[in-house]
Amino acid sequence: MPLHSAVALICATVSLFVIAGAEDPYRFFNWNVTYGDIFPLGVRQTGILINGQFPGPDIHSVTNDNLIINVFNSLNEPFLLSWNGVQNRRNSYEDGVYGTTCPIPPGKNFTYILQVKDQIGSFYYFPSLGFHKAAGGFGGIRILSRPRIPVPFPDPAGDYTVLIGDWYKANHTDLRAQLDSGRKLPFPDGILINGRGPGGASFNVEQGKTYRLRISNVGLQNSLNFRIQNHKLKLVEVEGTHTLQTTYSSIDLHLGQSMSVLFTADQPAQDYYIVVSSRFTNPVLTSTATLRYSNSAGPVSGPPPGGPTIQVDWSLNQARSIRTNLTASGPRPNPQGSYHYGLINTTRTIRLANSAGQVNGKQRYAVNSVSFVPADTPLKLADFFKIDGVYRIGSISDNPTGGGIYLDTSVMNSDYRSFIEIVFQNDEDIVQSWHLDGYSFFVVGMDGGQWTAASRNGYNLRDAVSRCTTQVKL
Ligand SMILES: [Cu+2]
């Protein structure tokens with residue numbers, strides 16, 4: 001199996017903004033996190049609910065809003081929520097992942113204070129600890145443009161969150177126990193669309209109108225393909241970047257990725273299949289939802305449309321076709337193409353290789369041979385209170401070592417305002433997703449084979465998308 005790689009450029013900049021005038025609006029959320037019975041695939045299992053809901057409630061916001069989210073943990077184990085795609089500006093301790101912040105103990109609460117400063121787009125939140133994500137606790141995040149900022153397409157007649165993901169009938173505690181006993185995850189039992197199994201979810205449209213879908217892959221492991229019977233999908237936004245408006249018959253979403261598509265209900269009035277199927281798996285898992293015209297003359301008919309299954313090149317070509325719309329506004333009115341990332345010198349190259357293996361009889365995953373273990377004190381707290389000895393800078397190498405997997409609290413430094421090239425290398429036999437919490441990066445290249453310095457000749461240094469999650473192919 002040849003190595004495959006993807007390359008990201010990222011600026012390690014933490015900018016200080018001077019905010020003049022009135023404060024930006026506040027939005028308050030009070031969330032209670034509980035266990036509850038759910039039956040998404042027809043059998044009872046323990047889900048994680050937010051205010052009684054599975055999936056959790058959407059967060060609707062506008063650029064620059066302050067989000068105050070008070071989370072009560074009514075589970076019997078520690079809990080954290082991570083806000084995928086919400087950028088951190090000197091507040092990485094608000095991004096709920098082990099290492100930057102303390103877990104919320106059972107019976108306690110924590111109030112997240114976030115600002116979606118200079119952001120637009122479609123994202124989602126999810127629980128980051130203890131395999132909770134396999135039980136729910138996720139939901140959509142949308143950040144709308146401010147009223148006077150032009151958006152490069154007319155207001156859609158409807159705007160729907162679509163959370164898709166592979167799913168297991170087993171409780172998250174059972175799945176966790178399987179990894180801890182040294183086994184890998186089994187093949188999933190199905191695919192959920194907005195928390196519902198095959199045929200469960202439906203979306204209502206009026207004939208002739210155009211709708212926006214904000215689709216996120218909130219699953220555990222599998223790349224998914226999304227399509228609508230007899231309808232085309234126009235891609236308009238990827239994780240906060242307005243894209244060239246290319247039309248596709250189906251779209252791949254790899255784990256953790258979010259995209260917005262527009263479609264027009266321009267077909268004869270009836271119901272149609274919305275199909276989500278697994279990529280690069282044998283067998284192929286398929287699930288459906290229903291697109292329902294308000295004047296529908298009848299139920300879905302015909303077989304659900306097929307999509308790509310094991311074709312890697314198809315997926316790579318589609319990924320390469322996703323480009324930034326250089327003449328469209330982002331969070332601000334100036335076209336974002338004025339940011340010439342391709343002209344900035346990179347001062348450092350980091351190569352990260354993922355691997356899987358057993359450590360002390362448990363199934364573990366590693367980056368440059370290090371499988372992360374949390375320190376007793378979250379790293380940002382150690383920084384804040386100037387506690388020495390919690391972690392070592394440089395406890396992970398800038399390049400793959402080829403050595404076996406070992407446990408450590410891996411911490412890599414970076415220079416303030418440096419511009420960094422990151423090469424992701426995958427020699428496992430499944431697609432990997434890499435996500436950078438609190439930052440975005442430009443995905444400038446993606447290809448098979450071993451990365452070399454000559455690979456730079458093929459970089460897209462003009463209109464790559466800035467996003468927070470990239471796939472690295474098998
Ligand atoms: Cu994140």
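The protein chain contains 3 helices and 32 strands. The model is a predicted one, and the protein chain averages a pLDDT of 93, with 95% of the residues scoring at least 70. An exception is found over residues 11–20, where pLDDT stays under 50, and for this stretch the model has 11 contacts beyond four places in sequence. Where pLDDT is low, the predicted coordinates should not be read in detail.

As to overall dimensions, the C-alpha trace of the protein chain spans about 70 × 55 × 50 Å along its principal axes. Of the 474 residues, 39% count as buried. When contacts between residues at least 6 apart in sequence are considered, 78% of them join residues that are at least 24 apart.

The domain assignment divides the protein chain into domain 1, made up of residues 4–14 together with 333–472, domain 2, covering 26–144, and domain 3, covering 158–321. The C-alpha centres of domain 2 and domain 3 are separated by 22 Å, and the contact between these two domains draws 27 residues from domain 2 and 26 residues from domain 3. On the side of domain 2 that touches domain 3, the strands β3 (45–50), β8 (121–127) and β9 (139–144) each supply at least two residues, and β8 gives the most, with 5 residues. By class, this side of domain 2 consists of 13 nonpolar, 11 polar and 3 charged residues.

In the unreviewed UniProt entry, the annotation "domain: Plastocyanin-like" covers residues 33–146, 159–296 and 377–473. For the span 159–296, the end C-alpha atoms lie 20 Å apart, and its content is 7% helix and 48% strand. For the span 377–473, the corresponding separation of the end C-alpha atoms is 35 Å, with 6% helix and 35% strand.

Several backbone features are located in loops between strands. The peptide bond from Phe 54 to Pro 55 is cis, with omega near -10°, and Pro 55 lies in the loop that runs between β3 and β4 (59–62). A cis peptide bond is also found from Asn 282 to Pro 283, where omega is near 5°; Pro 283 is placed in the loop between β20 (271–278) and β21 (286–293). Positive phi values occur in residues other than glycine at Asp 118, where phi is near 55°, and at Asn 368, where phi is about 45°. Asp 118 is situated in the loop between β7 (109–115) and β8, whereas Asn 368 is situated in the loop between β23 (362–367) and β24 (370–372).

Two strand residues were examined individually. Arg 214 is in strand β13, which comprises residues 210–217, and Arg 214 is buried, with 22 other C-beta atoms within 10 Å. Leaving aside residues up to four places away in sequence, Arg 214 touches Ser 122, Gly 140, Arg 142, Thr 161, Val 162, Ser 258 and Ser 260. By contrast, Asp 24, 190 residues away from Arg 214 along the chain, has its C-alpha atom separated by 25 Å from that of Arg 214.

Ser 371 belongs to strand β24 and is partly exposed, with 18 other C-beta atoms within 10 Å. On the same exclusion of residues up to four places away in sequence, the residues touched by Ser 371 are Val 359, Arg 364, Tyr 365, Ala 366, Ile 405, Tyr 406 and Leu 407. The C-alpha atom of Ser 371 is separated by 27 Å from that of Leu 75, a residue 296 positions apart from Ser 371 along the chain.

Technical notes: Residues numbered from 1 in each chain as written. Predicted model: local features only at pLDDT ≥ 70, side-chain atom pairs only at ≥ 80, totals over all residues. pLDDT = per-residue confidence, 0-100. Contact = placed C-beta atoms within 7 Å. UniProt positions renumbered as here; feature names shortened; annotations may be inferred. Helix = DSSP H or I, 4+ residues; strand = E, 2+ residues; numbered from the N terminus. Buried ≥ 20, exposed ≤ 12 C-beta atoms within 10 Å, placed from the backbone. Domains from an automatic or database assignment. Nonpolar A, V, L, I, M, F, W, Y, C, P; charged D, E, K, R; others polar.
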